[in-house]
Every structure is written in structure tokens, then in C-alpha cells.
Amino acid sequence: MPGESAFKLLLHNRTGMTGVVIIAFFGLMALFAPYLAGPSPSQTYVTGPWAVPAWATIFPQYSGLPPNLEVAPSSLSSWRSAAGPGATYEFVQATPPLSAISKTGYSTSSAAAALISASVPPGSEEVVYTANYTFSYNYKPPYEFKFGALVLPLSVNNVSDFYLRFLLVKPDGDVVHLTSYEIMSSSFEEDISYNNGFRLGNWNTVYLSTMTPDVNSAAFGPSGAGIFNSGLRILNETGNYTLVVQVVALGGSSPGSLKLELAYPFLFVYGRQYGLLGSDNRGRDLWSQFVWGSRISMEVGLLAALFTVVVGMYIGVIAGVFGGAVDETLMRIADIFLVIPFLPLAIIIVFMITQSAFLAKDLYIWLIVLFTVLSWPAIARVIRSQTLTVKERGYVEAARALGAGRGHIISKHILPNIMSLVYANLALNVPGFILTEAALDFLFPGASAVPTWGRILSKAFDYASSAIYYNFGWWWFIFPGIAIVLLSLSFVLLGYALDEIFNPRLRQR
């Protein structure tokens, strides 16, 4: 059948066009993944853990959940500032390196900093500078939030230590101590003081979050070390909160002095609702994982099916045309492969591949090779049967009588008459490979760092299946599961449509 006529018939076939539309959707998603995806799929805490999709807030149980919130301005000139005894401050333009600014979450590269100069009496603890910022919070409590600032020590003379203290004043007037010098000064988690890692003449990032045991211990005492989702207990009211940042100096044995710059104070609330598909248990963007995962499914499914059909087609044609010993040998080889249990052998081979770092980096290339080697016999037998039928037709006999060789007969008569069967088998084999690839990724989630739909399902099975508090993270597994079903179904629909188009008996029904 001419290609143009087949294309017109496909356009009028609802089943086939449904499959084409779904394939086109996922194909474009895979092609434009770098532009459609958000943050890196492996980047943790781009939002809060277990964040529901943003559109889910239309349902009553998810209304009022906070998005990602940057509640404090980067410029200290927008804060209320006060100097302690013997201290002065002025606002200057800060120029920290972008690597330091990026840790705060701000995108601005320039902001007003407080240049603080203080005289410190011996043996005392002095608050030499205080900055306050009041913000309104009108959402449900978040699971987690982070806070901190950048500090540049310029000169430190006869000061035993200085550190930053963070406080949060709640709407009811309660004061939450987010940091405690007694806990933080020896912390291995964060730099909080001059003696604990601040470097003179360098911008230092103070980065703390409620996911850190030190912060929870500071806020709730020793029992707070094991508290999870402590944001639920701290930002647990609606109303006006005040974030307080203090520079505290500890005097030495004689009068001392201190000069430093304080910049980019921040308080970032991790959202409980985020993006199109929400987040996983570590705040990774599931939409990014979903988009990048479509590439692997499309690549493995299409390439494995293409190579399988091509190999099976040529072996089937050669066996059918040559016959005799060639046919017998090829079909016995095919029989050997047909009795090999596909999935158990694939699991064993993938396990062996994952034990080698050299082989594991090309895991999906090896999967395509594996699928091709194990799957071509079924196609070869189908094509051989069709070849045996075609080569007995009158026009083939006539061509042979006129002196046409086997190559001419294969290229001019056999292949054109079996291509309809090839197209249908190509489409019908893709879903099997997509499902098998997803199954292997599910069984070997650590085999590769590349995000795939199967790997998403595996991680969801590990964490979401027991996450009763988070409604089992339904958004984590439902969308890759639906995508695998839809993409597989689309190729089945296309395969059935092609079979109907190229088979006149089916088309007449």
C-alpha cells in the first residue's frame, strides 16, 4: 500500500491517532526536557519535603499550605537596626562572592550590609548589634524552614569569641531561641562563631535549618534533638512574627575591639505545596524527575524495539529466502533464545552490570543490547512465516525465472511486502520494553543516578508506602505510574491501527 494512502488512513483512524497524540506528547517532553524541567532532579530541598502539587490546594484538606516563602529582604537597610553599648554601625554595599550569596537563596548580587564597629569590655558578653524584621505569616505551619546570614570579620582584637544569635518572636509574644551559643559553638554541623570556623577577611555563611538537631535543641532543649518537622511547632500561628539577628561578642582579658560586616540575613520557609507534581521526602522536584525520566523510557523503548525488529526482520527474511541448512540453523538458534526466561536472565545480567562502575555508567546502552539479543527470535519467526508466503507468489516466481538473484528478490519483492508487518511489530514491541525497563529500574534503584519513572516508583515504594502522616505521598507514585501505562498503551493503539491499515481483511470489518 502506498505510504501516502496509509498515512491518510491513519489520520482517520481514531485509535491510531489517539496513540500518536500520546506518543507525540511524551516525545516532545523528552526532547525539550532541559527547557521544561525545573531544578536539577537530584537537588534536595528546592522546597519542603512531602510538598503536594500546587494545584492540589483546590481541595479543602490542602488549602492554606504555604508555598516557598522568602520572608525577609536581603538589604539590612530595610530592617530595624540598633547598636549595643560602645558600638556603631553604618550601611555599606556588600559584595560577597556569588557562591556565598547562592547559599542564602537570594538572587540579588548586591545588597546593603551593616558595617559594625564595637569596643568590647573585658570578660563581658555584649550584644553589639541587633537587626529586627517583622513579617506576616498567614498559612498553615511549614514542616521546615532555614535561616542565616553572611558575615565578614574585618578585625578581631582581644575578643575571645563572637557569634550570631537568631531569635523568632511569635504573634503571642513568645520568643523562640533558634540558636544557642552553648550548643552551636562546638557544633560539627554549622559554623556559628569566630572560634567555630569564621575566617578573618572572608565572607562566611551562617546557614541553619530546623532539620538540624542543633537548632531543635536550641529551640526545645535537649529533648528537641529528635524532633521532626519542628517548623510545625515554631511557625504554628498566623499573624506577625519578628526575626531577630544579633551579633554577640565575648570579651577577653583586656578591652578589645571588633569590626565586621553583616549581610544578607534570610529566613526561607520550605513550601508544603510546590510545582506541578510536588516533591519527594527530601524536597526534590518530582516534575523535574518526571520530565527527565520520559527520556529514558522513550529512548530504551524505541531503540530496543527498532534494533529488535531490524535484527529479527533480516534474520527472518534470510531464513525464509535461503531455506535449507541456513533456515534450520537460524531457527534452532532462535528456539534456544525463545526458551530462555527473559526477566530472570535480565535481572541477573543487570545485577552483574551494576557491580562494575565502568559498565554501570552505560547501563541503558547495555539494556538496549540485552533486550535486542533476547527478543529478536519472536520477530524472526513471524517475518520468516510471511517471507515463506511471499516468496511462493507468482510475481516472485516470474522474477526468479527471469534471472533475478536473491538480493534483488529480497529488496524488490520480499521487503516491500513484509514492511506492514514490520511497522506493526515495531509499535507493538515498544510497550513491552518500556515496562521491562521500568521494572528493572524498580528492582535496581541505585544502579544509576539518571532519573527514570521506574526509579521514581521504587523510591516511592520505599518511603511513601509507609508515610501515613503524609497521605502516603500519592503524588509521588501516581503520575509516573500513569505515564508508564499511557505511553505503553499509546504504542499498543498505534500498533493495532497499523495492523488494521495494512491488513485489508481487518480494514473491511
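How many salt bridges does the count come to? The count comes to 9 salt bridges, where a salt bridge is a side-chain nitrogen of Lys or Arg within 4 Å of a carboxyl oxygen of Asp or Glu. This is a predicted model, in which local features need pLDDT of at least 70 and side-chain atom pairs count only at pLDDT 80 or more, while totals for chains, interfaces and linings use all residues. Residues are numbered from 1 along each chain as its sequence is written, and side-chain values use heavy atoms, with hydrogens and water left out.

**Salt bridges**

- Start with Arg-384 and Asp-327, whose side chains meet in a salt bridge at 2.7 Å, N to O.
- Arg-384 sits in helix H12 (residues 363–390) and Asp-327 in helix H9 (residues 324–338), so this pair ties together parts that are 57 residues apart in sequence. Helices here are DSSP runs of H or I with at least four residues, strands are runs of E with at least two, and both are numbered from the N terminus.
- Are these two partners buried or exposed? Arg-384 counts as buried at 19% relative accessibility, and Asp-327 is buried as well, with a relative accessible area of 11%. Buried means under 20% relative accessible area, exposed means over 50%, and partly exposed lies in between (1.4 Å probe, protein chains only).
- Arg-381 and Asp-335 also join their side chains in a salt bridge, at 2.7 Å from N to O. This pair links distant parts of the chain, with Arg-381 in helix H12 and Asp-335 in helix H9, 46 residues apart.
- Arg-381 counts as partly exposed at 28% relative accessibility, and Asp-335 is partly exposed with a relative accessible area of 24%.
- Arg-455 and Asp-441 meet through their side chains at 3.0 Å, N to O, in a salt bridge. Arg-455 lies in helix H15 (residues 453–463) and Asp-441 in helix H14 (residues 406–443), so the pair ties together parts that are 14 residues apart in sequence.
- Arg-455 is buried at 6% relative accessibility, and Asp-441 is buried with a relative accessible area of 2%.
- Which residues do salt bridges with shared partners join into one network? They are Glu-328, Arg-332, Asp-335 and Arg-381.

**Strand S11 and its partners**

- Strand S11 covers residues 256–269 and is mostly covered, as 12 of its 14 residues are buried.
- Strand S1 (residues 69–70) is joined to S11 by 2 bridges, and these strands run antiparallel. Two strands pair if DSSP finds at least two bridges between them. Look for Leu-69, which stands opposite Val-269 in S11.
- Strand S4 (residues 111–120) also runs antiparallel to S11, with 7 bridges between them. Here the bridge partner of Ile-116 is Leu-260 in S11.
- Strand S6 (residues 145–157) pairs with S11 in the antiparallel sense over 11 bridges. Phe-147 stands opposite Leu-267 in S11.
- As background, strands of a sheet pair through backbone hydrogen bonds, either parallel or antiparallel.

**An open sheet**

- An open sheet is formed by 5 strands in the order S2-S5-S10-S7-S8, with antiparallel pairing.
- Strand S2 (80–83) and strand S8 (175–177) stand at the edges, each with a single partner strand, so one side of each is left without a neighbour in the sheet.
- Within this sheet, strand S5 (residues 125–137) pairs with strand S10 (residues 239–251) in the antiparallel sense over 12 bridges. Thr-130 stands opposite Gln-246 in S10.

**The cavity**

- The structure holds 1 cavity of 30 Å³ or more. On a 1 Å grid over the protein atoms alone, a cavity is a set of points where a 1.4 Å probe fits but cannot get out, and lining residues have an atom within 4 Å of a point.
- About 30 Å³ of space lies in the largest cavity, where a volume is the space filled by probe spheres set on the grid points, which are joined across faces, edges and corners.
- Its lining is made of Leu-277, Leu-286, Phe-290, Ile-456, Trp-475, Trp-476 and Pro-480.
- Helix H8 (286–322) and helix H16 (474–502) are the elements that give two or more residues to the lining of the largest cavity. The largest share of that lining, 3 residues, comes from H16.
- The lining residues divide into 7 nonpolar, no polar and no charged. Ala, Val, Leu, Ile, Met, Phe, Trp, Tyr, Cys and Pro count as nonpolar, Asp, Glu, Lys and Arg as charged, and the others, Gly among them, as polar.

Definitions and conventions. On a 1 Å grid over the protein atoms alone, a cavity is a set of points where a 1.4 Å probe fits but cannot get out, and a pocket is an open set with protein on both sides within 12 Å along at least five of seven lines; lining residues have an atom within 4 Å of a point.
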